[in-house]
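Work through the exercises below with the sequence and the model open. Each task is followed by a solution in steps.

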Amino acid sequence: MIKTIKFLPWLYCLLIGLSLAIVMGLPALPLTIARVDSIGEATFSTGLEFQETQLGGLSGITYDASKQVYYAISDDRSQKAAARFYTLKVDLSSGKLKPEGVQFVGVTTLLDENGKPFAPLSLDSEGIAFSRDSVFVSSEGDAERKIPPFIKAFSLTGKLLKTLPIPDKFLPNAKGDVGVRNNLALESLAVTPDRKYLFTATENALVQDGDVPTSQTGTPCRILRYNLVNNQPEKEFVYITEPLVGEYNPPGSFITNGLVDLVAIADDRLLSLERAFSQANGVTIRIFDVSLEKADNIQAIDSLKDRLSQVSPAQKRLLLDLKELNLRLDNLEGLTLGPLLADGRRSLLLVSDNNFNPLQFTQILGFGINFQQTP
């Protein structure tokens with residue numbers, strides 16, 4: 001009897017873990033990703049109107065398994081319409097993503113602490129992550145205008161529920177030598193399958209951590225993990241992006257690479273999306289398998305500039321470079337795991353931010369992931 005009582009908490013935790021894994025469609029045991037295969041594409045032209053809003057700026061996407069719908073955040077800064085997220089349905093029953101299988105079915109306006117739509121230019125919403133019956137949304141803020149980034153939780157009707165604290169090291173100061181860089185801030189959001197943790201990350205290095213990427217070196221982003229039991233930030237990790245793709249050609253032209261979204265597979269396992277752009281090479285999109293198992297917790301380190309070589313970063317493995325698809329790629333910034341496909345693979349969706357540019361388009365790409373349990 002005593003042995004049985006001691007065993008029950010362990011058994012209970014195991015059963016809960018297995019149940020969550022089944023709901024999320026993820027194996028409960030350690031796993032490897034063997035293959036990522038394309039299953040289709042859908043595109044929407046810039047300028048498309050939907051429920052009195054211009055559809056576009058989709059920079060993050062998340063899946064609500066209970067309702068079998070997706071929520072996609074628009075980074076419209078309450079200028080073309082109030083800050084909002086879209087609800088869409090994607091039919092993957094055939095194992096393929098077909099253009100006619102993607103339907104936008106709703107628009108939800110985000111409301112501030114006064115219950116009003118956010119004022120124009122007061123936010124730059126980039127990331128979205130579903131958790132139970134609400135969504136977390138991240139805003140990059142505007143470092144040049146001294147508007148801080150935020151992470152807030154909203155009901156599925158858009159009501160503000162809570163605001164998570166942002167560590168001081170991420171907040172831009174008056175001198176401009178601390179905090180996130182302008183438009184390179186909290187681009188990503190992901191909730192773990194057990195709903196205990198929330199991940200976000202900077203798109204490029206904090207000012208005090210290092211430089212933006214070059215053609216030879218990446219940039220040291222910070223991954224930040226929140227404990228959703230107490231809503232507090234509890235760990236930080238270094239993530240090194242890939243170097244730039246191409247050169248400044250012509251000189252002075254815009255070129256970038258950064259970490260634009262995350263998917264949480266476990267407490268220490270992520271998928272990452274890196275998006276690069278140069279005038280010479282266009283858009284480069286890569287998906288990585290990321291492990292935090294051997295990464296150092298750098299929460300107590302305010303600046304990495306002189307300490308980066310002493311820190312163990314997250315480990316990365318390239319899963320897919322989308323140039324292999326031979327597709328015209330738009331500015332893909334969001335990704336999420338979706339439901340299981342009929343053949344047992346897990347679906348993965350990517351979505352693009354068209355910047356409301358008539359030369360771009362909203363693109364949704366579908367993939368099938370073959371997870372295998374690790375012996």
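**Exercise 1. Find which aromatic cluster Phe44 belongs to.**

Step 1. Apply the pairing rule: rings of Phe, Tyr and Trp (its six-membered ring) pair if their centres lie within 6.5 Å.
Step 2. Phe44, Phe50, Tyr86 and Phe104 form one aromatic cluster.
Step 3. By this rule the count comes to ten aromatic pairs.

The model is predicted: local features need pLDDT of at least 70, side-chain atom pairs count only at pLDDT 80 or more, and totals for chains, interfaces and linings use all residues. Residues are numbered from 1 along each chain as its sequence is written, and side-chain values use heavy atoms, with hydrogens and water left out.

**Exercise 2. Classify the pair of Tyr71 and Phe130, and state what the pair ties together.**

Step 1. Planes under 30 degrees apart count as stacked, over 60 as edge-to-face and the rest as tilted.
Step 2. The ring centres of Tyr71 and Phe130 are 6.0 Å apart and the planes stand at 40°, so the pair is tilted.
Step 3. Tyr71 belongs to strand β5 (residues 69–74) and Phe130 to strand β8 (residues 125–131), so the pair ties together parts that are 59 residues apart in sequence. Strands (E, at least two residues) and helices (H or I, at least four) are DSSP runs, numbered from the N terminus.
Step 4. Both Tyr71 and Phe130 are buried. Buried means under 20% relative accessible area, exposed over 50%, and partly exposed in between (1.4 Å probe, protein chains only).

**Exercise 3. Is Glu140 buried or exposed?**

Step 1. Locate Glu140: the loop between β9 (134–139) and β10 (150–155) holds this residue.
Step 2. With a relative accessible area of 1%, Glu140 is buried.
Step 3. List contacts (heavy atoms within 4.5 Å).
Step 4. From C-alpha to C-alpha, Glu140 and Gly127 are 9.0 Å apart in space, and they are 13 residues apart in sequence.

**Exercise 4. Describe the whole protein chain.**

Step 1. The protein chain has one helix and 22 strands.
Step 2. Its radius of gyration (over C-alpha atoms) is 20 Å, close to the 21 Å that the globule rule (2.2 Å times the number of residues to the power 0.38) gives for 375 residues, so the chain is as compact as a globular protein of that length.
Step 3. Buried residues make up 55% of the 375 residues.
Step 4. Among contacts between residues at least 6 apart in sequence, 60% join residues at least 24 apart.
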